[in-house]
Amino acid sequence: MSVPDRIEKTVLLRAPIARVWRALHDHREFGAWFGVDLDGPFVPGAAAIGRIRPTEVDPEVAKLQEPHRGKPCTFVVDRIEPPTLLSFRWHPFAIDPAVDYSREEMTLVVFALEETAEGTRLTITESGFDRVPLARRAQAFGANEAGWTHQAALVAKYLERRAA
């Protein structure tokens with residue numbers, strides 16, 4: 001079975017680009033909707049280290065995240081271009097504590113923002129699945145395909161609740 005190399009999700013957010021940017025770039029806001037406690041801010045070239053925790057904005061998604069509470073999560077920040085682009089690398093679906101993922105290549109996640117008449121278009125792209133080991137590629141892709149669908153909805157809900 002062939003697994004695509006990339007996932008792309010687009011969502012129209014009814015918020016100004018500056019507000020969406022803050023929800024993405026501020027590590028505390030990002031963590032609230034994404035479902036992760038990060039130790040510090042996003043800095044290009046640096047690792048943002050944290051632990052998975054349930055999202056604050058959707059009880060159903062929080063239930064899906066609960067079994068992974070406390071598992072480590074590391075984002076290696078690639079680029080920050082305010083207010084239109086944030087990207088990082090990570091090991092997709094790296095949830096098995098018995099596996100050393102550090103020897104695997106990371107995928108690239110890009111959050112791209114575009115101002116529109118209706119608000120802000122957010123496009124989330126994750127690429128590089130062709131470099132994920134074959135033994136776990138399909139599972140990682142499937143989990144993240146569903147995961148990015150959830151995350152696009154979570155950031156929208158977060159912004160609806162926290163408009164300011």
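This is a predicted model: local features need pLDDT of at least 70, side-chain atom pairs count only at pLDDT 80 or more; totals for chains, interfaces and linings use all residues.
**Exercise 1. Place L24 in the fold: which helix holds L24, and is L24 buried or exposed?**

Solution. 
- Start with secondary structure. L24 sits in helix 1, which spans residues 17-25.
- Next, check accessibility. The relative accessibility of L24 is 0%. The cut-off for buried is under 20%. L24 therefore counts as buried.
- Then list its partners. Beyond neighbours within four places in sequence, L24 contacts F30, W33, F42, L86, F111, L113 and L122.
- Finally, take one distance. G119 is 95 residues away along the chain, and its C-alpha atom is 15 Å from that of L24.

**Exercise 2. Describe helix 2 and its two ends: how many of its residues are buried, what caps the N-terminal end, and what phi does G35 take?**

Solution. 
- Count first. Helix 2 covers residues 27-34, and seven of its eight residues are buried.
- Name them. The buried residues are H27, E29, F30, G31, A32, W33 and F34.
- Look at the start. D26 is the N-terminal cap, with a side-chain oxygen 2.9 Å from the backbone nitrogen of R28.
- Look past the end. G35, just after the helix, has a positive phi of about 100°.

**Exercise 3. Characterise the largest pocket: which residues are closest to its centre, and which helix gives the most to its lining?**

Solution. 
- Take the volume. The largest pocket holds about 840 Å³ of space.
- Find the centre. Among 29 lining residues, I52, W90, F93, I95 and N144 are closest to it.
- Assign the elements. Helix 3 (59-65), strand 4 (72-81) and helix 4 (134-161) each supply at least two lining residues. Helix 4 gives the most, with seven.
- The lining has 18 nonpolar, nine polar and two charged residues.

Definitions and conventions: Residues are numbered from 1 along each chain as its sequence is written. Side-chain values use heavy atoms; hydrogens and water are left out. Helices (H or I, at least four residues) and strands (E, at least two) are DSSP runs, numbered from the N terminus. Buried means under 20% relative accessible area, exposed over 50%, partly exposed in between (1.4 Å probe, protein chains only). Contact means heavy atoms within 4.5 Å. A polar contact is a pair of N or O atoms within 3.5 Å; within protein, one must be able to donate a hydrogen and the other to accept it, and residues adjacent in sequence count only if both atoms are side-chain atoms. On a 1 Å grid over the protein atoms alone, a cavity is a set of points where a 1.4 Å probe fits but cannot get out, and a pocket is an open set with protein on both sides within 12 Å along at least five of seven lines; lining residues have an atom within 4 Å of a point. Grid points are joined across faces, edges and corners, and a volume is the space filled by probe spheres set on the points. Ala, Val, Leu, Ile, Met, Phe, Trp, Tyr, Cys and Pro count as nonpolar, Asp, Glu, Lys and Arg as charged, and the others, Gly among them, as polar.
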